[in-house]
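I opened a new model today and kept notes as I went. The entries follow in the order I looked things up.

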Amino acid sequence: MHDLEPDHAVVEQLVGLPVADVERDLILATLRETGGNRTHAAQLLGIAIRTLRNKIGAYSAEGYDVPEPAQSSAH
């Protein structure tokens, strides 16, 4: 796990937001940061890959743009 001190200004911006919305935004931002790599995103988030896949499925069904994994150029 990371021993990072939270940015209190950022944390203050989250106050009053529904946890589900914050979670969704964090998951989608992490997927963008990892180039859509689900395994890496799950590790960074500290959640099981199965949990991440379930959440991705729900977000897709709700119409959110979920980053796709980068395609391998190996032939």
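This is a predicted model: local features need pLDDT of at least 70, side-chain atom pairs count only at pLDDT 80 or more; totals for chains, interfaces and linings use all residues.

**Entry 1: ground rules and overall make-up.** I took contact to mean heavy atoms within 4.5 Å. With that, I looked at contacts in the protein chain between residues at least 6 apart in sequence, and 52% of them join residues at least 24 apart. Residues are numbered from 1 along each chain as its sequence is written, and side-chain values use heavy atoms, with hydrogens and water left out.

I then listed the elements. I took helices (H or I, at least four residues) and strands (E, at least two) as DSSP runs, numbered from the N terminus. The protein chain has four helices and zero strands. From the N terminus on, I read α-α-α-α.

For burial I used relative accessible area: buried is under 20%, exposed is over 50%, and partly exposed is in between (1.4 Å probe, protein chains only). Of the 75 residues of the protein chain, 20% count as buried.

**Entry 2: helix 4.** I checked the length of helix 4 (residues 49–61) first. The expected span is 1.5 Å times one less than the number of residues. For the 13 residues of helix 4 that should give 18 Å, and the end C-alpha atoms are 18 Å apart, which agrees.

Which residues of helix 4 are buried? I found Leu52, Ile56 and Tyr59. Seen down the axis, the buried residues fall within an arc of 65 degrees, so they line one face of helix 4. The arc is that of the directions from the helix axis to the C-beta atoms. The general rule is that an α-helix has 3.6 residues a turn, so residues three or four places apart point the same way. On the other side of helix 4, Arg50, Arg53, Asn54 and Ala61 are exposed. The cover over the buried residues of helix 4 includes helix 2 and helix 3 (38–45). I also noted Gly63, which follows helix 4 and has a positive phi, near 95 degrees.

**Entry 3: helix 4 against its cover.** I used axes fitted as lines to C-alpha atoms, for helices over the stretch in contact, with angles from 0 to 180 degrees between N-to-C directions. Angles under 35 degrees count as roughly parallel, over 145 as roughly antiparallel, 65 to 115 as roughly perpendicular and the rest as oblique.

The axes of helix 3 and helix 4 come within 9 Å and cross at roughly 110 degrees. That makes helix 3 roughly perpendicular to helix 4. Arg38, Thr39, Ala41, Ala42 and Leu45 of helix 3 meet Ile49, Leu52 and Ile56 of helix 4.

The axes of helix 2 (residues 19–33) and helix 4 come within 11 Å and cross at roughly 105 degrees. Helix 2 and helix 4 are therefore roughly perpendicular as well. Here Glu23, Arg24, Ile27, Leu28 and Leu31 of helix 2 contact Leu52, Lys55, Ile56 and Tyr59 of helix 4.

**Entry 4: two threonines.** Thr30 is found in helix 2. Thr30 is buried, at 10% relative accessible area. Beyond residues up to four places away in sequence, Thr30 touches Ala41, Leu44 and Leu45.

Thr34 lies in the loop between helix 2 and helix 3. At 13% relative accessibility, Thr34 counts as buried. Leaving aside neighbours within four places in sequence, Thr34 is in contact with His40, Ala41 and Leu44.
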